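Please open the model in your viewer and keep the sequence panel beside it.

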Amino acid sequence: MRYYYAEHQAAYQRLVQQGLTQWSDLFGETDEYDVFPNRPFLERTLSELDLPPEPDVLEYGCGTGPAACFLAARGFRVDAIDLIPEAITLARRFAQQRGVEVNFSVQDVCTMGARSKQYAVVLDSYCLQSIVTDPDRTSLLTAVHDRLKDTGYYVLSTAIYDPDRIYECTFRYDTTTGICYQAADPADDAVQLDGTWYLPHRRHLHPAALRAELEAAGFHVISQEGGDVICAKRHGT
Ligand SMILES: C[S@@+](CC[C@H](N)C(=O)[O-])C[C@H]1O[C@@H](n2cnc3c(N)ncnc32)[C@H](O)[C@@H]1O
(Lines give C-alpha, C1' and ligand atoms only; values in the text may rest on other atoms or scores of the structure.)
Protein backbone atom coordinates (compact mmCIF):
# COMPACT_ATOMS: atom_id res chain seq x y z
CA MET A 1 0.00 0.00 0.00
CA ARG A 2 1.36 3.46 -0.88
CA TYR A 3 2.31 5.79 1.98
CA TYR A 4 -0.53 8.21 1.21
CA TYR A 5 -3.37 5.65 1.36
CA ALA A 6 -3.88 4.49 4.96
CA GLU A 7 -4.02 7.94 6.53
CA HIS A 8 -6.58 9.24 4.07
CA GLN A 9 -8.73 6.13 4.23
CA ALA A 10 -8.77 6.25 8.05
CA ALA A 11 -9.66 9.95 7.95
CA TYR A 12 -12.68 9.40 5.71
CA GLN A 13 -13.82 6.44 7.79
CA ARG A 14 -13.72 8.73 10.85
CA LEU A 15 -15.52 11.42 8.92
CA VAL A 16 -18.34 9.02 8.00
CA GLN A 17 -18.63 7.74 11.59
CA GLN A 18 -18.83 11.29 12.95
CA GLY A 19 -21.33 12.45 10.32
CA LEU A 20 -19.00 15.21 9.07
CA THR A 21 -18.99 16.52 5.53
CA GLN A 22 -15.44 17.46 4.54
CA TRP A 23 -11.77 16.87 5.42
CA SER A 24 -11.24 20.15 7.27
CA ASP A 25 -14.23 19.39 9.59
CA LEU A 26 -11.99 16.72 11.15
CA PHE A 27 -9.67 19.48 12.37
CA GLY A 28 -12.40 21.86 13.51
CA GLU A 29 -11.59 24.28 10.66
CA THR A 30 -15.01 24.11 9.01
CA ASP A 31 -18.50 22.98 9.94
CA GLU A 32 -20.46 23.69 6.79
CA TYR A 33 -19.98 21.85 3.47
CA ASP A 34 -20.28 24.90 1.23
CA VAL A 35 -17.71 26.90 3.24
CA PHE A 36 -14.45 25.16 2.37
CA PRO A 37 -10.90 26.39 3.01
CA ASN A 38 -9.89 27.52 -0.50
CA ARG A 39 -13.28 29.04 -1.39
CA PRO A 40 -12.11 32.66 -0.81
CA PHE A 41 -9.09 32.03 -3.06
CA LEU A 42 -11.30 30.52 -5.79
CA GLU A 43 -13.79 33.37 -5.53
CA ARG A 44 -10.98 35.92 -5.98
CA THR A 45 -9.24 33.96 -8.70
CA LEU A 46 -11.90 32.65 -11.02
CA SER A 47 -13.16 36.06 -12.09
CA GLU A 48 -9.59 37.01 -13.07
CA LEU A 49 -8.97 34.03 -15.35
CA ASP A 50 -9.58 34.21 -19.07
CA LEU A 51 -11.87 31.19 -19.40
CA PRO A 52 -14.22 29.96 -22.13
CA PRO A 53 -17.94 29.53 -21.40
CA GLU A 54 -18.64 26.33 -19.41
CA PRO A 55 -14.97 25.52 -18.88
CA ASP A 56 -13.88 21.94 -18.28
CA VAL A 57 -12.14 21.44 -14.95
CA LEU A 58 -10.37 18.49 -13.40
CA GLU A 59 -10.04 18.50 -9.62
CA TYR A 60 -7.72 15.86 -8.17
CA GLY A 61 -7.81 15.02 -4.47
CA CYS A 62 -11.36 16.38 -4.37
CA GLY A 63 -12.27 14.62 -1.12
CA THR A 64 -16.01 14.88 -0.50
CA GLY A 65 -16.24 17.44 -3.30
CA PRO A 66 -16.98 20.88 -1.82
CA ALA A 67 -14.88 22.74 -4.40
CA ALA A 68 -16.08 20.51 -7.25
CA CYS A 69 -19.73 21.22 -6.36
CA PHE A 70 -18.97 24.95 -6.00
CA LEU A 71 -17.51 25.00 -9.53
CA ALA A 72 -20.32 22.90 -11.01
CA ALA A 73 -22.87 25.33 -9.53
CA ARG A 74 -21.02 28.12 -11.39
CA GLY A 75 -21.23 26.51 -14.82
CA PHE A 76 -18.00 24.51 -14.89
CA ARG A 77 -18.08 20.97 -16.32
CA VAL A 78 -16.30 19.10 -13.59
CA ASP A 79 -14.40 15.82 -13.47
CA ALA A 80 -13.23 15.18 -9.92
CA ILE A 81 -11.12 12.33 -8.59
CA ASP A 82 -9.97 11.11 -5.21
CA LEU A 83 -8.03 8.13 -3.98
CA ILE A 84 -10.51 7.08 -1.31
CA PRO A 85 -13.83 5.41 -2.22
CA GLU A 86 -15.53 6.61 0.99
CA ALA A 87 -14.81 10.22 -0.01
CA ILE A 88 -16.22 9.74 -3.49
CA THR A 89 -19.39 8.06 -2.16
CA LEU A 90 -20.03 11.10 0.04
CA ALA A 91 -19.10 13.50 -2.78
CA ARG A 92 -21.71 11.94 -5.09
CA ARG A 93 -24.34 12.23 -2.36
CA PHE A 94 -23.57 15.91 -1.64
CA ALA A 95 -23.59 16.79 -5.36
CA GLN A 96 -26.96 15.08 -5.79
CA GLN A 97 -28.38 16.92 -2.76
CA ARG A 98 -27.27 20.22 -4.34
CA GLY A 99 -28.61 19.31 -7.77
CA VAL A 100 -25.23 19.75 -9.44
CA GLU A 101 -23.58 17.43 -11.92
CA VAL A 102 -20.00 16.33 -11.25
CA ASN A 103 -18.28 13.32 -12.79
CA PHE A 104 -16.67 11.85 -9.65
CA SER A 105 -14.36 8.84 -9.76
CA VAL A 106 -11.88 6.97 -7.60
CA GLN A 107 -8.37 7.38 -8.99
CA ASP A 108 -4.80 7.81 -7.81
CA VAL A 109 -3.42 11.02 -9.28
CA CYS A 110 0.11 9.56 -9.22
CA THR A 111 -0.83 6.70 -11.55
CA MET A 112 -3.30 8.37 -13.91
CA GLY A 113 -1.34 7.26 -16.97
CA ALA A 114 -1.86 8.52 -20.46
CA ARG A 115 -3.94 11.58 -20.90
CA SER A 116 -7.51 11.16 -22.09
CA LYS A 117 -8.71 14.77 -22.13
CA GLN A 118 -7.42 18.32 -21.65
CA TYR A 119 -8.96 20.88 -19.33
CA ALA A 120 -9.25 24.65 -19.07
CA VAL A 121 -8.51 24.35 -15.34
CA VAL A 122 -6.82 21.72 -13.21
CA LEU A 123 -7.54 22.33 -9.53
CA ASP A 124 -5.77 21.10 -6.42
CA SER A 125 -7.46 21.88 -3.10
CA TYR A 126 -4.75 20.77 -0.63
CA CYS A 127 -3.76 17.43 -2.13
CA LEU A 128 -0.20 18.16 -3.28
CA GLN A 129 1.28 18.34 0.24
CA SER A 130 0.37 14.65 0.71
CA ILE A 131 2.29 13.62 -2.40
CA VAL A 132 5.72 13.65 -0.89
CA THR A 133 8.47 11.89 -2.83
CA ASP A 134 10.20 13.40 -5.85
CA PRO A 135 9.09 10.60 -8.24
CA ASP A 136 5.44 10.87 -7.12
CA ARG A 137 5.44 14.66 -7.43
CA THR A 138 7.01 14.39 -10.88
CA SER A 139 4.28 11.91 -11.94
CA LEU A 140 1.59 14.21 -10.58
CA LEU A 141 2.94 17.39 -12.16
CA THR A 142 3.48 15.59 -15.49
CA ALA A 143 -0.12 14.34 -15.40
CA VAL A 144 -1.36 17.88 -14.70
CA HIS A 145 0.80 19.38 -17.46
CA ASP A 146 -0.46 16.75 -19.96
CA ARG A 147 -4.08 17.39 -19.04
CA LEU A 148 -3.96 21.18 -19.24
CA LYS A 149 -4.96 22.93 -22.46
CA ASP A 150 -2.32 25.30 -23.84
CA THR A 151 -4.52 28.19 -22.65
CA GLY A 152 -5.42 26.49 -19.35
CA TYR A 153 -4.68 27.27 -15.70
CA TYR A 154 -3.35 25.10 -12.91
CA VAL A 155 -4.95 26.47 -9.73
CA LEU A 156 -3.30 25.13 -6.62
CA SER A 157 -3.76 25.50 -2.87
CA THR A 158 -1.20 23.61 -0.86
CA ALA A 159 0.28 23.64 2.62
CA ILE A 160 3.80 25.08 2.69
CA TYR A 161 6.58 25.53 5.21
CA ASP A 162 5.41 27.45 8.27
CA PRO A 163 8.01 28.44 10.86
CA ASP A 164 5.31 28.29 13.55
CA ARG A 165 4.18 24.75 12.71
CA ILE A 166 5.04 22.31 15.49
CA TYR A 167 5.95 18.77 14.47
CA GLU A 168 5.02 16.33 17.26
CA CYS A 169 7.68 13.90 18.42
CA THR A 170 6.63 11.09 16.05
CA PHE A 171 7.32 13.40 13.10
CA ARG A 172 10.64 14.45 11.68
CA TYR A 173 11.00 17.46 9.38
CA ASP A 174 13.89 17.54 6.93
CA THR A 175 14.70 21.20 6.34
CA THR A 176 16.66 20.44 3.17
CA THR A 177 13.89 18.68 1.26
CA GLY A 178 10.82 20.02 3.09
CA ILE A 179 9.75 16.41 3.74
CA CYS A 180 7.93 15.64 6.97
CA TYR A 181 8.27 11.96 7.90
CA GLN A 182 6.09 10.05 10.35
CA ALA A 183 7.48 7.22 12.47
CA ALA A 184 6.05 3.91 11.25
CA ASP A 185 6.67 0.19 11.07
CA PRO A 186 8.84 -0.97 8.17
CA ALA A 187 6.57 -1.18 5.09
CA ASP A 188 6.51 -0.33 1.42
CA ASP A 189 7.77 3.24 0.98
CA ALA A 190 9.25 3.34 4.53
CA VAL A 191 12.75 4.78 4.95
CA GLN A 192 15.16 4.30 7.83
CA LEU A 193 16.66 7.51 9.25
CA ASP A 194 19.10 7.34 12.16
CA GLY A 195 17.84 3.85 13.02
CA THR A 196 14.10 4.70 13.02
CA TRP A 197 11.60 3.74 10.30
CA TYR A 198 9.47 6.51 8.84
CA LEU A 199 6.89 6.94 6.12
CA PRO A 200 6.82 10.07 3.96
CA HIS A 201 3.93 12.12 5.35
CA ARG A 202 3.90 15.68 3.97
CA ARG A 203 5.97 17.96 1.77
CA HIS A 204 6.10 21.45 3.29
CA LEU A 205 8.19 23.48 0.87
CA HIS A 206 9.22 27.08 1.23
CA PRO A 207 7.21 29.18 -1.26
CA ALA A 208 10.29 29.78 -3.43
CA ALA A 209 11.03 26.04 -3.60
CA LEU A 210 7.42 25.32 -4.59
CA ARG A 211 7.67 27.92 -7.33
CA ALA A 212 10.95 26.44 -8.57
CA GLU A 213 9.41 22.95 -8.62
CA LEU A 214 6.43 24.16 -10.67
CA GLU A 215 8.65 26.02 -13.10
CA ALA A 216 10.91 22.97 -13.53
CA ALA A 217 7.76 20.96 -14.35
CA GLY A 218 6.96 23.28 -17.26
CA PHE A 219 4.62 25.79 -15.63
CA HIS A 220 4.80 29.55 -15.58
CA VAL A 221 3.73 30.90 -12.18
CA ILE A 222 1.30 33.76 -12.81
CA SER A 223 0.68 34.53 -9.15
CA GLN A 224 1.60 33.08 -5.78
CA GLU A 225 0.40 34.01 -2.32
CA GLY A 226 2.14 31.46 -0.12
CA GLY A 227 0.62 28.11 -1.09
CA ASP A 228 -2.13 29.61 -3.28
CA VAL A 229 -0.75 29.54 -6.80
CA ILE A 230 -2.02 30.12 -10.32
CA CYS A 231 0.06 28.69 -13.15
CA ALA A 232 -0.15 28.51 -16.91
CA LYS A 233 1.74 26.14 -19.15
CA ARG A 234 5.11 27.53 -20.13
CA HIS A 235 5.14 27.43 -23.90
CA GLY A 236 7.84 25.55 -25.71
CA THR A 237 8.06 22.81 -23.02
C1 LIG B 1 -6.31 17.53 2.68
S2 LIG B 1 -7.43 16.49 1.86
C3 LIG B 1 -8.38 17.70 0.95
C4 LIG B 1 -9.66 17.13 0.40
C5 LIG B 1 -10.53 18.11 -0.38
N6 LIG B 1 -9.83 18.68 -1.51
C7 LIG B 1 -11.05 19.18 0.53
O8 LIG B 1 -10.62 20.34 0.37
O9 LIG B 1 -11.91 18.87 1.38
C10 LIG B 1 -6.39 15.76 0.60
C11 LIG B 1 -7.15 14.85 -0.34
O12 LIG B 1 -6.26 14.31 -1.30
C13 LIG B 1 -6.62 12.96 -1.51
N14 LIG B 1 -5.45 12.25 -2.04
C15 LIG B 1 -4.29 12.00 -1.39
N16 LIG B 1 -3.46 11.33 -2.20
C17 LIG B 1 -4.10 11.16 -3.38
C18 LIG B 1 -3.76 10.53 -4.60
N19 LIG B 1 -2.59 9.94 -4.77
N20 LIG B 1 -4.67 10.54 -5.62
C21 LIG B 1 -5.88 11.14 -5.45
N22 LIG B 1 -6.26 11.74 -4.30
C23 LIG B 1 -5.38 11.75 -3.28
C24 LIG B 1 -7.04 12.46 -0.14
O25 LIG B 1 -7.81 11.28 -0.17
C26 LIG B 1 -7.81 13.67 0.37
O27 LIG B 1 -9.15 13.63 -0.02
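Helices (H or I, at least four residues) and strands (E, at least two) are here DSSP runs, numbered from the N terminus. Counted in this way, the protein has six helices and eleven strands. The model is a predicted one, in which local features need pLDDT of at least 70 and side-chain atom pairs count only at pLDDT 80 or more, while totals for chains, interfaces and linings use all residues. For your selections, residues are numbered from 1 along each chain as its sequence is written.

**Whole chain.** Start with the C-alpha trace, which spans about 55 × 45 × 35 Å along its principal axes. The radius of gyration is taken over C-alpha atoms, and the globule rule is 2.2 Å times the number of residues to the power 0.38; for 237 residues a compact globule would come near 18 Å, and the 17 Å of the protein agrees with this. If you colour by burial, 38% of the 237 residues count as buried, where buried stands for 20 or more other C-beta atoms within 10 Å of a residue's own, exposed for 12 or fewer, and partly exposed for anything in between, with C-beta atoms placed from the backbone.

**Two domains.** Now colour domain 1 (5-160 + 206-233) and domain 2 (161-204) separately; these bounds come from an automatic or database domain assignment. The C-alpha centres of domain 1 and domain 2 lie 24 Å apart. Eight residues of domain 1 are in contact with nine of domain 2, a contact being two C-beta atoms, placed from the backbone, within 7 Å. On the side of domain 1 that touches domain 2 there are four nonpolar, four polar and no charged residues.

Select β6 (171-174) and β7 (179-183), which run antiparallel and are joined by four bridges; strands pair if DSSP finds at least two bridges between them. D174 has I179 in β7 as its bridge partner, and in the four-residue turn of this hairpin G178 takes a positive phi near 80 degrees. T177, in the loop between β6 and β7, is partly exposed because 16 other C-beta atoms lie within 10 Å.

Moving to β9 (residues 196-203), you will find a strand largely enclosed by the rest of the structure, because six of its eight residues are buried. Two residues separate β8 from β9 in their hairpin, where D194 has a positive phi of about 50 degrees.

Most residues other than glycine have a negative phi, and most peptide bonds are trans. Finish with D189, in the loop between β7 and β8, which has a positive phi of about 75 degrees, and with Y126, in the loop between β4 (119-125) and α5 (134-147), where phi is positive at about 70 degrees.

Definitions and conventions:
Nonpolar A, V, L, I, M, F, W, Y, C, P; charged D, E, K, R; others polar.
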